[in-house]
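Let's take a friendly walk through a protein, from its overall make-up to a few of its individual residues. Have a look at the structure below, then read on.

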Amino acid sequence: MCLFRLFLLAGFSLFSWSSVAATSPIWYYPFISAQYSSWKTTDFQQSGEWFDCAEDDKPLFCTDQVKIHHTPMVAVVTFDHAMDPILELNGEFSLVYFNNLQLGLRQDGFQLTKVVIDGVTLDVKLELINKSETEVDREVLQLINRYPATQSRVLFWQSADQERFVQWHSDRDSIQITYQQ
C-alpha cells in the first residue's frame, strides 16, 4: 500500500509539473531556470508573440496579454547592461491572481528571501543564520498574515540554484513581477 502511494504521489508530481509547463509560453522558461538558454534580442524579434515597442535605440519588447500561472498578464522585456533579458509582468490585482502567482513562483522553484509589508522588513536569509527554518517560516507567516493581501508589499524571491531573481510588487490595484538573471 505504501508503494502505491509513492507511485501515486510521483505520478501526481510529474503530472502537475507537466501541466504547468504546458500552459507556460516557451519564452518564460529561461526566466525561471538556468537550464534554458536566455533569449537574445533576435529571438524576441523573430517570435510571433513579441513586438518591438521601443521609443529609442534600447531594445524593448512587449506582448499582448499572456497567461502565466492561469493569470492574465501583460509582459515587457528590456535588457540590462550585459544584454540579459529582464521580464516584467503586469496585471490587475485579485485574490485569485495573488494566490495563483505566488503558488506558481513556488512551483517554478523560487524561494522567498525577503518580505517588506507596511514598512516592516523580514530578511529570510539573515534570519536563517541564527534561527531554524521552522522558526523563520513561522515569522514569515505571522508577518504575511498580519496584513490583508491588498496591503502594499514587496517580496523578493530567488531560484533554488540562486541564478534567477524575482521582485514582486502588489497593492489593491495591481501585481507587478520582475524576473532577472
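## The protein as a whole

Of the 181 residues in this protein, 37% are buried; here buried means under 20% relative accessible area, exposed means over 50%, and partly exposed covers what lies in between, with a 1.4 Å probe and protein chains only. The model is a predicted one, in which local features need pLDDT of at least 70 and side-chain atom pairs count only at pLDDT 80 or more, while totals for chains, interfaces and linings use all residues. Residues are numbered from 1 along each chain as its sequence is written, and side-chain values use heavy atoms, with hydrogens and water left out.

The protein has 6 helices and 10 strands. These are DSSP runs numbered from the N terminus: helices are H or I with at least four residues, strands are E with at least two. Contact means heavy atoms within 4.5 Å. Among contacts between residues at least 6 apart in sequence, 54% join residues at least 24 apart.

## The nonpolar core

In soluble globular proteins, nonpolar side chains tend to be buried together. A nonpolar core is a set of buried Ala, Val, Leu, Ile, Met, Phe, Trp, Tyr and Cys residues joined through side-chain atoms within 4.5 Å. The largest one here has 39 residues, and Trp27, Trp50, Leu87, Trp168 and Tyr179 touch the most other members.

What does leucine 87 contact, leaving aside its neighbours within four places in sequence? Its partners include Trp27, Trp50 and Tyr179, along with Phe31, Val76 and Ile177.

## Aromatic rings

Rings of Phe, Tyr and Trp (its six-membered ring) pair if their centres lie within 6.5 Å; planes under 30 degrees apart count as stacked, over 60 as edge-to-face and the rest as tilted. By this rule there are 13 aromatic pairs. One of them joins phenylalanine 61 and phenylalanine 79, edge-to-face, at 6.3 Å centre to centre with 85 degrees between the planes. Phenylalanine 61 lies in strand S2 (residues 61–63) and phenylalanine 79 in strand S4 (residues 71–79), so their pairing ties together parts that are 18 residues apart in sequence. Both of these phenylalanines are buried.

Phe61 and Phe79 also belong to one aromatic cluster, whose members include Trp27, Trp50 and Tyr179.

## The disulfide

A disulfide is a covalent bond between the sulfur atoms of two cysteines; the search rule is a pair of cysteine sulfur atoms within 2.5 Å. How many turn up in the whole structure? The search finds 1 disulfide. Cysteine 53 and cysteine 62 form it, with their sulfur atoms 1.9 Å apart. The link is right-handed, with 75 degrees about the S-S bond. Cysteine 53 counts as buried because its relative accessibility is 19%, and cysteine 62 is buried too, with a relative accessible area of 13%.

Threonine 113 sits in strand S6 (residues 110–117). Is threonine 113 buried or exposed? At 14% relative accessibility, threonine 113 counts as buried. Beyond its neighbours within four places in sequence, threonine 113 contacts residues including Leu122, Val124, Phe156 and Trp157.

Now look for glutamine 151, in the loop between helix H6 (133–146) and strand S8 (153–159). Glutamine 151 counts as partly exposed because its relative accessibility is 25%. Not counting residues up to four places away in sequence, glutamine 151 touches Ile117, Asp118 and Ser170. Glutamine 151 and arginine 172 are 21 residues apart in sequence and 6.5 Å apart in space, C-alpha to C-alpha.
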